[in-house]
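Look at the chain below and follow its helices and strands as you read. This short report takes them one group at a time.

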Amino acid sequence: MRFPTSTVFGAEYLVPWLAAEGPLAYSPTEPPARDYFFQYTWILPGVFNSSINLREHRYFGSPLKHSTRFLFNFWNNARKGRGAELQQYFQLGLLSDAEVKAPMAAYHHVRKPYKSAGSLLIQHGSYQWISLEDQPHIEQGQVLLYRGIGQSTIFRCLRFRPEELSPADREIWRKYLGVQAVMLSDSVLSFNTIHDRVKRCETGGLRDGTLLADEMATQAGLDIESPGFAKNLWHAVQQAYSLEAVMGMRKFGPHYVVMKTPLNNIRITTFFAGESEVKIIDPSRITIEQVVGCEVEFIPPEQPSRGGQQHGTAP
């Protein structure tokens, strides 16, 4: 790797940028002088599969430069010294034995040509723009999660309190947090593990569909195949939600749920992957905001899953 991509700042914190130090440690308040640092095949070659010619231009990872115009517009505004005034939310990630919080930065950005107001989320090389209408609570550090379940009438959701877990389950929780910490500690690894279940034509150039996170969980000693808390937990956090209302209500509806969680509890896929897809880190930090056409069934930590737990944006 040409440039360092560690996101660890100090002993227990994580930055939302591509790196905590070095040339990739740029931010909207200290933007890079050249667009060179947006060309991912040169600065982050590890996020692409072996079929990609790394001499190609893939700005922000996208194969289509015109689709990245909104990001060039954003960074041009940052170069004009507007980064600080555009900031809505900024939070360093936190690593500890008791919890893991994801780093996240959010900025006001009006998308052309329709002058749509919204927020640009930044996390380890992934970008998502989301409308103010769909996400009105960004400045308060909260985000709405939309999940469509088609015609199903039951939405099953894992529920537990970490402090109330049994000693055996607490050890599973500790190992799980360790896996999340490792995934978030490097921008290439973070990018690859959040896209490891995404498999679409738009992401064909990435290391998508690898199930890399599953391998890491197994290596860390989590039994994600046998019935029990480890399997239920892993299944819950691999479910995809959308930040865009239409995804839950229409594309994967008509039955859907709306949940709320802190911004530092989500990991985002990048914009050209589609569907404004995110995953959660800690299932105990979500609340149900709205339920349409179905009922919510809460699953305790060790209850065997009955399959089809949550239908929605995951392919």
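Helices α3 and α6 make a right-handed crossing. Their axes come within 10 Å and cross at roughly 35 degrees. α3 covers residues 167–184, and α6 covers residues 229–237. This is a predicted model.

Which residues meet at the crossing? From α3 come D169, I172, W173, Y176 and V179. They meet F229, A230, L233, W234 and V237 in α6.

## Helix α6 under cover

α6 is mostly covered, with seven of its nine residues buried. The buried ones are F229, A230, N232, L233, W234, A236 and V237. What lies over them? The cover includes helices α3 and α5 (212–219). It also includes the strands β10 (154–158), β14 (277–280) and β16 (295–299).

Take L233 as an example from α6. Its relative accessible area is 1%, so L233 is buried, since the cut-off for buried is under 20%. Beyond its neighbours within four places in sequence, L233 is in contact with L158, F160, W173, Y176 and P283. L233 and R159 are 74 residues apart in sequence, but their C-alpha atoms are 9.5 Å apart in space.

## Strand β10 and its partner

β10 is one of the elements covering α6. Is β10 itself enclosed or open? Four of its five residues are buried, so β10 is largely enclosed by the rest of the structure. β10 pairs with β16 in the parallel sense, over five bridges. In one of these pairs, L158 has I299 of β16 as its bridge partner.

Is Q151 buried or exposed? Its relative accessibility is 60%, and the cut-off for exposed is over 50%, so Q151 counts as exposed. Leaving aside neighbours within four places in sequence, Q151 is in contact with P254 and H255. Q151 and Y256 are 105 residues apart in sequence, yet 9.1 Å apart in space, C-alpha to C-alpha.

## An open sheet of four strands

Now turn to another part of the chain. Four strands form an open sheet in the order β3-β6-β7-β8. Their pairing is antiparallel. Which strands sit at the edges? They are β3 (87–91) and β8 (126–131), and each pairs on one side only. Neighbouring strands of the sheet are turned by 25 degrees against each other on average, direction ignored.

Look at β6 (residues 104–111) and β7 (residues 116–123). Seven bridges join these antiparallel strands. A105 stands opposite I122 in β7. A helix also belongs in this picture. Helix α2 (residues 69–86) lies across β3, β6, β7 and β8. α2 runs at about 115 degrees to β6.

Most residues other than glycine have a negative phi, and most peptide bonds are trans.

H124 is not a glycine, yet its phi is positive, at about 55 degrees. H124 sits in the loop between β7 and β8. With 1% relative accessibility, H124 counts as buried. L211 also has a positive phi of about 55 degrees without being a glycine. L211 lies in the loop between α4 (187–194) and α5. L211 is partly exposed, with a relative accessible area of 37%.

G253 and P254 are joined by a cis peptide bond, with omega about 15 degrees. P254 belongs to the loop between α7 (245–251) and β12 (256–262). P254 is also one of the contacts of Q151.

## The whole chain

Step back now. The chain has seven helices and 16 strands. Its radius of gyration is 19 Å, close to the 20 Å that the globule rule gives for 315 residues, so the chain is as compact as a globular protein of that length. Along its principal axes, the C-alpha trace spans about 55 × 40 × 40 Å.

How much of the chain is buried? Of the 315 residues, 55% count as buried. The accessible surface comes to about 13,700 Å², and 51% of it belongs to carbon and sulfur atoms. Finally, consider contacts between residues at least 6 apart in sequence. Of these, 66% join residues at least 24 apart.

Technical notes: Residues numbered from 1 in each chain as written. Predicted model: local features only at pLDDT ≥ 70, side-chain atom pairs only at ≥ 80, totals over all residues. Heavy atoms only, no water. Pairing = 2+ DSSP bridges. Helix = DSSP H or I, 4+ residues; strand = E, 2+ residues; numbered from the N terminus. Axes fitted to C-alpha atoms, helices over the stretch in contact; angles between N-to-C directions. Contact = heavy atoms within 4.5 Å. Rg over C-alpha atoms; globule rule 2.2 N^0.38 Å. Buried < 20%, exposed > 50% of the residue type's maximum accessible area, 1.4 Å probe, protein only. Areas by Shrake-Rupley, 256 points an atom, 1.4 Å probe, with all protein chains shown as cover. Left-handed = near helix turned anticlockwise from the far one by under 90°.
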